[in-house]
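I'm opening a notebook on a structure that is new to me. My plan is to jot down what I look up, entry by entry.

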Amino acid sequence: MSSIREALEQREREMLAPQAARSADSRGRLRPEPEDDVRPAFQHDRDRIIHSKAFRRLKHKTQVFFAPAGDHYRTRLTHTLEVSQIARTISKVLRLHEELTEAIALGHDLGHTPFGHTGEHVLDALIPGGFNHYEQSLRIVDVLENDGRGLNLTWEVRDGIARHSKGKEGAPVGVASDKRAVTLEGQIMRVADLIAYVNHDIDDAVRAGMLNPASLPREPVQTLGATSSARIARMVKDVVTETQNAGLTEIRMSPPVLEATLAMRRFLFDAVYENNVATAEFTKAHGILSGLWEKVRERPDEFLDRRIIDQEGIDVAARDFLAGMTDRFAVALYERLFIPKPWVGPISWNQL
């Protein structure tokens, strides 16, 4: 008698496009383990990521604006959820594996630092050998979660997480085969990430008074649309149409939409990510993280994982500790270690 999982795997074989990944055909996990009776492998991975501590910490990590006063600004968690929604929409239309797509989307930013991309730049300068959040995301799911045992995810999810990053100049599609995810589901993650942040970061910058909608570059707006919802719809439709027209050989965008998207990203870097306000915040984040970097290395037994120190060295242990912090934890620890507390002497009757 077949299990519920095997019945679901059969459904995948019958319903998904020939180019889709399939749970039963996974290249496997880092360590062999019995399969779940109910959940196919990629669904199981999705659930493990959602229940991880690193995923919960995303709610207190910066997307663009550090500790925003308003309730409606994005955090790294809400960014991740928006990416997941866009990615699943594309995957569903193309009849690809939605849960594999979702698992990659939910896991892609687990390794992000406190203070957003500013924090990543600071750690990249501090840490010998540099720092990349996508490498740290993979390290979290492979090693750090579950008390050092990792989440033991499938190869396909790990490949998608490791290859999602584009940087300031990288394209979401059309990259060399050795630089993109092997699965189409992983390639969707790369383009969905850009669609999400280009649009929601504009929305947040307008809400913060940093950006006037009228200042958005005219030609990209004409191509993509005047509102976030219109632009997302245009981009998603373009991705699915171009990918279908190419026979699902790889995830694609049309040249006009791709160029308009990249132009909008260049505008955001100049107007939001690297403007005078961002530079001032970079200085603050540098002070906090560099101070913590030195202090935790001076007092490793108090702050760092002794197992990691013994196996991989103090720099790796300090990197894991700092990169895993939420913004508010980093600030609170900095205050505890560096900001003197007012001294209060004995209380006597004549002081009352």
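**Entry 1: arginine 39 and its partners**

I started with arginine 39, which counts as partly exposed at 22% relative accessibility. My scale here: buried is under 20% relative accessible area, exposed is over 50%, and partly exposed is in between, with a 1.4 Å probe and protein chains only. The side chain of arginine 39 meets that of aspartate 47 in a salt bridge, 3.1 Å from N to O. I take a salt bridge to be a side-chain nitrogen of Lys or Arg within 4 Å of a carboxyl oxygen of Asp or Glu. Aspartate 47 is buried, at 14% relative accessible area.

Before going on, a note on what I'm looking at. This is a predicted model, where local features need pLDDT of at least 70 and side-chain atom pairs count only at pLDDT 80 or more, while totals for chains, interfaces and linings use all residues. Residues are numbered from 1 along each chain as its sequence is written, and side-chain values use heavy atoms, with hydrogens and water left out.

**Entry 2: more salt bridges**

I checked glutamate 98 next and found a salt bridge to lysine 92, with the closest N and O atoms 3.7 Å apart. Glutamate 98 is partly exposed at 21%, whereas lysine 92 is exposed at 55%.

Which residues are linked in a network of salt bridges? I wrote down Asp36, Arg39, Arg46, Asp47, Arg88, Lys92, Glu98 and Glu102.

Then I looked at arginine 29, which forms a salt bridge with aspartate 45, the closest N and O atoms being 2.6 Å apart. The pair links distant parts of the chain, 16 residues apart: arginine 29 sits in the loop between helix 1 (4–15) and helix 2, and aspartate 45 sits in helix 2. Arginine 29 is buried at 14%, and aspartate 45 is buried at 0%. Searching the whole structure, I get 34 salt bridges.

**Entry 3: helix 8**

How many of the residues of helix 8 are buried? I find 6 of its 8 residues (155–162), so I call helix 8 mostly covered. The buried ones are Glu156, Val157, Arg158, Asp159, Gly160 and Ile161. They pack against helix 2 (41–50), helix 5 (98–107), helix 7 (133–148) and helix 9 (184–207). For the record, helices (H or I, at least four residues) and strands (E, at least two) are DSSP runs, numbered from the N terminus. I count 17 helices and 0 strands in the protein.

Most residues other than glycine have a negative phi. I noted aspartate 147, which is not a glycine and has a positive phi of about 55 degrees. Aspartate 147 lies in helix 7 and is exposed at 51%.

I also noted leucine 248, with a positive phi near 55 degrees. Leucine 248 lies in the loop between helix 11 (228–245) and helix 12 (255–273). Is leucine 248 buried or exposed? It is buried, at 12%.

**Entry 4: the whole protein**

Last, I stepped back. The C-alpha atoms fill a box of roughly 85 × 60 × 40 Å along the principal axes. Of the 352 residues, 52% count as buried. Among contacts (heavy atoms within 4.5 Å) with a separation of 6 or more, 72% come from residues 24 or more positions apart.
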